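Me: Please take me through this model feature by feature, giving the general idea first and then the case at hand.

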Amino acid sequence: QVQLVESGGGLVQAGGSLRLSCAASGGTFSGYHMGWFRQAPGKEREFVAAINWIGSSTDYLDSVKGRFTISRDNAKKMVYLQMNSLKPEDTAVYYCAADSRDAYSISRSKKDYAYWGQGTQVTVSS
């Protein structure tokens, strides 16, 4: 079992930046692929970014490519999402998730992530 706690959300103006953090405890963090998802009111939870267990491979939702960067520090059991040039459409609750499957490739599917944090609110004003 791994527990995930997100932090770093808040209110920011369009064009601004935020850095989300996800702290992991328990489990074998360094063996898990990690992902960030988001859910806006009335919408499905969607994939935002993912990183493989060693940090050598990443994947991004097209609309955040070039603006968001996912990274991890296995020694600290942390995963981060640096968000730049934020837009009002980025407003959502952001969730950190861990994929504990013994899989080679990182996944965009919510179904492949067994562990989830409680979420952190990001609000971007226009």
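Me: Among contacts in the protein between residues at least 6 apart in sequence, what percentage join residues at least 24 apart?

Reply: A contact is counted when heavy atoms lie within 4.5 Å. Here 59% of the contacts between residues at least 6 apart in sequence join residues at least 24 apart. Keep in mind that this is a predicted model, in which local features need pLDDT of at least 70 and side-chain atom pairs count only at pLDDT 80 or more, whereas totals for chains, interfaces and linings use all residues. Residues are numbered from 1 along each chain as its sequence is written, and side-chain values use heavy atoms, with hydrogens and water left out.

Me: How many helices and strands does the secondary structure of the protein come to?

Reply: Both kinds of element are DSSP runs numbered from the N terminus, helices being H or I over at least four residues and strands being E over at least two. On that basis the protein has zero helices and eleven strands. As for overall dimensions, the radius of gyration, taken over C-alpha atoms, is compared with a globule rule of 2.2 Å times the number of residues to the power 0.38. The protein's value is 13 Å, close to the 14 Å that the rule gives for 126 residues, so the protein is as compact as a globular protein of that length. Its C-alpha trace spans about 40 × 25 × 25 Å along the principal axes.

Me: In what order do the four strands of the open sheet come?

Reply: Two strands pair if DSSP finds at least two bridges between them. In this open sheet the four strands follow the order β1-β3-β8-β7, with antiparallel pairing. Its edges are β1 (3–7) and β7 (68–73), each of which pairs on one side only. Neighbouring strands of the sheet are turned by 15 degrees against each other on average, direction ignored, where axes are lines fitted to C-alpha atoms (for helices over the stretch in contact) and angles run from 0 to 180 degrees between N-to-C directions. Within the sheet, β3 (residues 18–25) and β8 (residues 78–83) pair in the antiparallel sense over six bridges, and R19 has Q82 in β8 as its bridge partner.

Me: Which residues does the disulfide join?

Reply: A disulfide is a pair of cysteine sulfur atoms within 2.5 Å. A search of the whole structure finds one, joining C22 to C96 with an S to S distance of 2.1 Å. The torsion about this S-S bond is about -75 degrees, so the disulfide is left-handed. The pair links distant parts of the chain, with C22 in strand β3 and C96 in strand β9, 74 residues apart.

Me: Is C22 buried or exposed?

Reply: Buried means under 20% relative accessible area, exposed over 50%, and partly exposed in between, with a 1.4 Å probe and protein chains only. C22 counts as buried at 1% relative accessibility, and C96 is buried at 0%. Across the protein, buried residues make up 43% of the 126 residues.

Me: What does the side chain of E6 reach at 3.0 Å?

Reply: A polar contact is a pair of N or O atoms within 3.5 Å; within protein, one must be able to donate a hydrogen and the other to accept it, and residues adjacent in sequence count only if both atoms are side-chain atoms. The side chain of E6 reaches the backbone nitrogen of Q118 at 3.0 Å, and one of its polar atoms lies 2.8 Å from the backbone nitrogen of C96. E6 lies in strand β1 and is buried, at 5% relative accessibility. Beyond residues up to four places away in sequence, E6 touches, among others, C22, W36 and Y94; the C-alpha atoms of E6 and Y94 are separated by 8.2 Å, although the two residues are 88 residues apart along the chain.

Me: Which side chain does a polar contact of 2.8 Å join to that of D99?

Reply: That contact joins the side chains of D99 and R101. D99 is found in strand β9 and is buried, with a relative accessible area of 0%. Leaving aside neighbours within four places in sequence, D99 is in contact with Y32, H33, S107, D112 and Y113.

Me: Where is K77, the residue with the positive phi, found?

Reply: Most residues other than glycine have a negative phi. K77, in the loop between β7 and β8, has a phi near 55 degrees and is partly exposed at 32% relative accessible area. S85, in the loop between β8 and β9 (92–99), also has a positive phi, of about 50 degrees, although it is not a glycine, and counts as partly exposed at 40%.
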